[in-house]
Amino acid sequence: LYVAIGSWSDACRQPNLAVGTPGCPILDSAAGIWKFKADKLNQNFADGIRFSTGIKNAVGIDYNPASKTVFATQHGRSFDKLSPPYFTGQKSAELPAETIYELKQGLDAGWPYAYYDQQLKKKMVSPEYGGDGKTSTDKYADPAIAFPGHLAPNDLLFYTGNMFPKRYKNGAFVVFHGRAISPVKGYLVAFVPFVNGKLSADWEIFADNFTGSDIEHPTGPMKYRPMGLAQGPDGALYVADDLKGAIFKIVYNK
């Protein structure tokens with residue numbers, strides 16, 4: 001049983017300072033994935049094994065039956081007024097990437113010491129730990145795939161049904177309930193193609209326009225915001241909304 005435990009801190013900084021906390025003590029009990037036995041009752045936190053670390057907040061997590069590995073999304077951190085000038089303004093709106101990691105025992109995704117820049121396609125040193133927007137690092141694992149910043153990936157599902165066309169089999173659906181600035185996208189369900197357990201192409205939009213409006217020039221309240229995913233026994237895809245409590249059912253008709 002794999003359990004994602006999110007961090008309660010955005011950057012593991014010292015209080016009211018733009019300086020990172022040495023050793024980031026949060027990592028001993030959060031910002032990672034823990035592994036527990038599924039056949040043992042009354043377990044405590046200490047019974048778990050820290051499987052992967054450096055993942056700020058993995059809201060979406062799922063098992064890929066083709067690769068026989070666990071994948072997890074990560075809600076990326078934010079840059080704010082305490083960050084150096086490079087990270088404010090436009091860069092703050094665009095970075096860092098939202099990501100999916102293929103998890104392995106001992107994997108370190110780098111939070112809070114590093115972030116992934118989808119524009120440079122590199123793992124970069126975080127400003128709290130000496131980063132300047134130009135200094136990269138190869139100390140931490142790269143993501144399986146990166147998305148525009150601030151999209152907020154809230155669920156992940158590997159499709160094992162037979163209703164949809166063959167190319168969807170064992171691929172990943174990801175639901176985003178946030179909005180990216182560059183490019184302006186958001187509130188959508190994406191599809192990530194996989195073949196034989198390996199990423200085979202870039203992500204694509206699968207279901208869009210849950211808001212019912214132009215998100216580049218919003219003029220009113222959103223209608224819906226996608227939040228969760230589930231697969232029905234017939235292979236239909238269900239999408240949950242967290243604004244009105246609606247459930248959408250997506251089916252394929254030849």
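The charged end of Arg 167 sits over the ring of Tyr 168, 5.2 Å from the ring centre. A charge counts as sitting over a ring if NZ of Lys or CZ of Arg is within 6 Å of the ring centre and within 35 degrees of the ring normal. A second case involves Lys 244, whose charged end sits over the ring of Tyr 224, 5.2 Å from its centre. The model is a predicted one: local features need pLDDT of at least 70, side-chain atom pairs count only at pLDDT 80 or more, and totals for chains, interfaces and linings use all residues. Residues are numbered from 1 along each chain as its sequence is written, and side-chain values use heavy atoms, with hydrogens and water left out.

Aromatic rings also pair with one another. Rings of Phe, Tyr and Trp (its six-membered ring) pair if their centres lie within 6.5 Å; planes under 30 degrees apart count as stacked, over 60 as edge-to-face and the rest as tilted. The count by this rule is 26 aromatic pairs. One of them joins Tyr 159 and Phe 164, which are stacked because their ring centres are 4.7 Å apart and their planes lie at 10°. Tyr 159 and Phe 164 are both buried. Here buried means under 20% relative accessible area, exposed means over 50%, and partly exposed falls in between (1.4 Å probe, protein chains only). Ring pairs link Tyr 159 and Phe 164 with Tyr 168, Phe 173, Phe 191 and Phe 206 into a cluster.

Tyr 224 and Phe 248 form an edge-to-face pair, with 5.0 Å from centre to centre and 90° between the planes. Tyr 224 lies in the loop between β16 and β17 (226–231), and Phe 248 in strand β19 (residues 247–250), so the pair ties together parts that are 24 residues apart in sequence. Tyr 224 has 26% relative accessibility and counts as partly exposed. Phe 248, at 27% relative accessibility, also counts as partly exposed. Leu 229 lies in strand β17. This residue is buried, with a relative accessible area of 12%. Leu 229 and Phe 248 are 19 residues apart in sequence and 9.6 Å apart in space, C-alpha to C-alpha.

The strands form sheets. Helices (H or I, at least four residues) and strands (E, at least two) are DSSP runs, numbered from the N terminus. Two strands pair if DSSP finds at least two bridges between them.

Val 174 has Ala 190 of β13 as its bridge partner. Strand β13 (residues 185–192) also pairs with β16, in the antiparallel sense and over three bridges. Here Phe 191 stands opposite Glu 204 in β16, and Val 189 has Ala 207 of β16 as its bridge partner. Seven of the eight residues of β13 are buried, so the strand is largely enclosed by the rest of the structure.

Another open sheet of four strands has the order β1-β2-β3-β7, with mixed pairing. β1 (2–5) and β7 (107–108) stand at its edges with a single partner strand each, so one side of each is left without a neighbour in the sheet. Strand β3 (residues 49–53) pairs with β7 in the parallel sense over two bridges. Ser 52 stands opposite Leu 107 in β7.

Asn 196 is placed in the loop between β14 (194–195) and β15 (198–199). At 72% relative accessibility, Asn 196 counts as exposed. Asn 196 and Ser 67 are 129 residues apart in sequence, yet 6.9 Å apart in space, C-alpha to C-alpha.
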